[in-house]
Amino acid sequence: MNKSDSYLLVTGGAGFIGSNFIKYYLSQYPHAKVVNVDKLTYAGSTFNLESVADHPNYHFVHADITDEKAVDRIFNDYPIGGVINFAAESHVDRSIEDASSFVNTNVMGTMVLLQIARKVWTEQGILKAARFHHISTDEVYGSLDNDEKFHEQTPYDPRNPYSASKAGANLLVKSFGYTYGMNIVISSSSNNYGPSQHEEKLIPTIISNALRHNPIPIYGDGKNIREWLYVEDHCRALDLIFHQGQSMESYNIGGGNELKNIDLAVKICEILDNNYPDRKGSLNSFKDLITYTEDRLGHDRRYAVDDRKLRGAMGWQPVVAMENGLEETVEWYVNQWTPTSR
Ligand SMILES: Cc1cn([C@H]2C[C@H](O)[C@@H](COP(=O)(O)OP(=O)(O)O[C@H]3O[C@H](C)C(=O)[C@H](O)[C@H]3O)O2)c(=O)[nH]c1=O
């Protein structure tokens, strides 16, 4: 297969990170060809891809990655030369309620993709050339209660059903590299943020609850720490890792912005207070809406990654300062939010 004729198969491309990646990728590589397979769960929307929907090199397939026949059909219909596997159930709170869809999509779905890619790429004689890039998370390493950071050799120690399913998938992906010599790479990023993220996640929850004048729920003591990465910076890192990452290697991707949840909520409320005073109504400050609530079960205390491997080997660094990224994100939600969506 001529590389220029081949398609990149993006799974879960209607979700937050996947859709941002497709838009980024098609803008960077105007001749690239992309097939996006997405189940369109509650968390995905083709609305996220409106700007590329008519792109001649972009194709959408509505299917579930756990559906072997559907995945097989995609590999028959398109000359797939690489896979980036974004498709996942990703919300920790939901996984605590019910782990089944997490194991199904994140583990079984990854297994289906690996098996079919291996079969087809072996038949086509491109098994070692065709890249399988698996998107993972820093949550697989567990929780930090000191000043250290997770590095790529940190043993996996997932603490909730979501992160356990992602750790399981990572191990499966690696096993296909060891067993069959597949050209696999894994990237594990810290918390993403940016426009079009689903409202269930912390930053959209803060913004949308503030705009609705609803309580802003902060779990526990609010001192849990997350490291924030602007989604476009993540996409730039993925592009580098997909093209230049070493087979069988894992790469951490962090934003370098560690914040306690309560400090993040205050920061966002200050942006709203300063930039959108007309939205305050009778409130003195959006901060008045911040409300401590019952803690998440098994709530991981801190995530932070050492990503010197990516920064050193590939020269990546985030370019969006958190202040700017947050202002852009807030602006996007303010523009989305209309009184009828209350
Ligand atoms: C929704 C919500 C969350 N929180 C707390 C819980 C966490 O300490 C922090 C972030 O929570 P969120 O659910 O947005 O994200 P994480 O649990 O850190 O996980 C996220 O980042 C990793 C890397 C992934 O891999 C996950 O897919 C992604 O969901 O805010 C609250 O205090 N209130 C709320 O209403």
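Analyst: Start with handedness. A crossing is right-handed if the near helix is turned clockwise from the far one by less than a right angle, and left-handed if anticlockwise. Here, in a predicted model, H8 passes H10 in a right-handed crossing.

User: Which residues of H8 and H10 make the contact?

Analyst: Contact means heavy atoms within 4.5 Å. H8 brings Leu-264, Lys-267, Ile-268, Ile-271, Leu-272 and Asn-275. H10 brings Met-322, Glu-323, Leu-326, Glu-327, Val-330 and Val-334. Eight of the contact residues are nonpolar, one is polar and three are charged.

User: At what angle do the axes of H8 and H10 cross?

Analyst: Roughly 65°, and the axes of H8 (residues 261-275) and H10 (residues 322-336) come within 10 Å.

User: How do H2 and H4 cross?

Analyst: The axes of H2 (residues 68-77) and H4 come within 10 Å and cross at roughly 35°. This crossing is right-handed. From H2, Glu-68, Val-71, Asp-72 and Phe-75 take part. Their partners in H4 include Val-112, Ile-116 and Trp-121. The H2 and H4 contact has eight nonpolar residues, three charged and no polar.

User: What span should H4 have?

Analyst: Count 1.5 Å a residue: the 24 residues of H4 (residues 100-123) should span 34 Å. The end C-alpha atoms of H4 are 33 Å apart, which agrees.

User: Where is the kink in H4 centred?

Analyst: On Met-108, with a bend of about 25°. Just after H4, Gly-125 has a positive phi of about 70°.

User: What does UniProt place at residues 9-329?

Analyst: The unreviewed UniProt entry gives "domain: NAD(P)-binding" there. Over residues 9-329 the chain is 40% helix and 18% strand.

Technical notes. Residues are numbered from 1 along each chain as its sequence is written. This is a predicted model: local features need pLDDT of at least 70, side-chain atom pairs count only at pLDDT 80 or more; totals for chains, interfaces and linings use all residues. Side-chain values use heavy atoms; hydrogens and water are left out. UniProt positions are given in the numbering used here, feature names are shortened, and annotations may be inferred rather than shown by experiment. Helices (H or I, at least four residues) and strands (E, at least two) are DSSP runs, numbered from the N terminus. The expected span of a helix is 1.5 Å times one less than its number of residues. The bend at a residue is the angle between axes fitted to the seven residues ending there and the seven starting there. Axes are lines fitted to C-alpha atoms, for helices over the stretch in contact, and angles run from 0 to 180 degrees between N-to-C directions. Ala, Val, Leu, Ile, Met, Phe, Trp, Tyr, Cys and Pro count as nonpolar, Asp, Glu, Lys and Arg as charged, and the others, Gly among them, as polar.
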